[in-house]
Amino acid sequence: MPWNEEFECMPVGKLQKFQLEKLKETAAWVYAKIPFYKQKFDEQGITPDDIKNLEDVAKLPMTVKNDLRDNYPFGLCAVPLKEVVRVHASSGTTGKPITGPYTKEDLAQWTECMCRNIWAAGIRKEDVVQNAYGHGLFTGGLGFHQAVTAMDCTVVPTSAGMTERQITLLQDFGSNVLFCTPSYALTIAERAEEMKVDIRSLPVRVGVFGAEPWTVQMRQEIEERMGIKAQEAYGLTELCGPGVAYDAADQNGLYINEDHFLAEVVDPQTLEPLPLGEKGELIFTSLQRRAMPMIRYRTKDITRLWREPGHNGRTFVRMDKIYGRSDDMLIISGVNVFPSQIEALLLEIEEVEPQYRLIVRKKGYLDQLIVQVEGKSEVYEAGDKRRYEIEGKIAAHIKGMLGISVEVELVEAKFIARSEGKALRVVDERPKQLR
Ligand code: ADP
């Protein structure tokens, strides 16, 4: 299944007409089929007929993760279970898992969205693809699997973990494509170095990485260490999984599959819609899903939307790489900081590895941020004096760029647990009531 030129390059006016038609259908569908939405619409005094243009989406109620938890497992499902052909669940990184049921049609649409993503990364039928996203309830593994299968690629479904075997298979099967989270790509690169395998000389030429925030600097690090191009996938279980947005060969923003998902950006405090170009929280309404449609789902992901003619004539609206999740935003001495900002600065420091962890503690009334980062072995082993010097250098760099004082702890190799899926970057040690 190749890309869908008709939709991906559709003139914007025509695309928005299509979106309006699908938005009306979705609103009518949830109003008729899901008591939770009917009640919310009624409370707001609106009906699906009140949607006359795309901006009217702002009249609809928002949905949050807790609504999905409260309706666990199938309270938000619009079809009887016998019409559901697959159920995924989120990794539950932020609490109880939420479910994602699909009808056969939903599954076919998801596959198509993923094919667009994979095609845009330059992957074709002839490629041998090693899929190291976790296979199972997590949407990553099967989401990618079904698309590369539909594209007739040669698929090696390794799932995540057993890193040495990943490397051996990359060598033995000559895989030229790798799918996994960016943090796992780094783990693989590092393990290959330890095994004295020159990963840069292997046939692998491109990776499609996603499922967690990663900076442009992290992308460059992975590209250099592995000698590949690092493309991106973005998505969430609540909408289908990966395949919501993806970048193309020019790596200039992520195209949102707009015929399936209507995107808005709102001010995370006031929830007022923001114009294109302004940074805020990303909100999605699904436009074609049947089993579990989503109305104005608050992703908590912070980005900016923009529209200009895209790669190979693509017209979809684009989003910047996610800056971070609003949940992960730290307020240090009154300054808002995302972990990604610290990551970008750490990756500019030559003497450290791209392995870090942020610990937040209370010191009196103030929040204190401790940045733990692994020193390169020669630096760490050079003794205390050299270590303090580097810690001071990093703290000064962060103070200079972000205006916040942090404590830096240079730690030894392998101090930070290696990731096979989503990396744990922030450890919040503050009492719950003080966060
Ligand atoms: P969970 O919330 O349990 O981790 P998901 O696996 O559905 O469930 O994760 C979805 C979230 O993962 C997104 O809302 C976003 O925060 C993050 N994510 C997914 N892809 C990307 C990406 N390419 N860049 C940044 N964050 C991403």
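**Second largest pocket**

Q: What's the lining of the second largest pocket like, by class?
A: This is a predicted model. By class, the lining has 10 nonpolar, 11 polar and 9 charged residues.

Q: What's the volume of that pocket?
A: The second largest pocket comes to about 750 Å³.

Q: Where does the pocket lie relative to domain 1 and domain 2?
A: Between them, because domain 1 (1-325) and domain 2 (330-434) both give residues to the lining of the second largest pocket.

Q: OK, strands now. Is β8 mostly covered or exposed?
A: Mostly covered. In β8 (residues 241-246), 6 of 6 residues are buried.

Q: In what sense do β7 and β8 pair?
A: Antiparallel, over 4 bridges, with β7 spanning residues 229-236.

Q: What joins β7 to β8?
A: A hairpin, through 4 residues.

Q: How many bridges join β8 to β9?
A: 2 bridges, and β8 and β9 run antiparallel. Strand β9 covers residues 254-256.

Q: Which residues stand opposite Ala245?
A: Tyr234 stands opposite Ala245 of β8. Ala245 also stands opposite Ile256 in β9.

How values were computed
Residues are numbered from 1 along each chain as its sequence is written. This is a predicted model: local features need pLDDT of at least 70, side-chain atom pairs count only at pLDDT 80 or more; totals for chains, interfaces and linings use all residues. Side-chain values use heavy atoms; hydrogens and water are left out. On a 1 Å grid over the protein atoms alone, a cavity is a set of points where a 1.4 Å probe fits but cannot get out, and a pocket is an open set with protein on both sides within 12 Å along at least five of seven lines; lining residues have an atom within 4 Å of a point. Grid points are joined across faces, edges and corners, and a volume is the space filled by probe spheres set on the points. Ala, Val, Leu, Ile, Met, Phe, Trp, Tyr, Cys and Pro count as nonpolar, Asp, Glu, Lys and Arg as charged, and the others, Gly among them, as polar. Domain bounds come from an automatic or database domain assignment. Buried means under 20% relative accessible area, exposed over 50%, partly exposed in between (1.4 Å probe, protein chains only). Two strands pair if DSSP finds at least two bridges between them.
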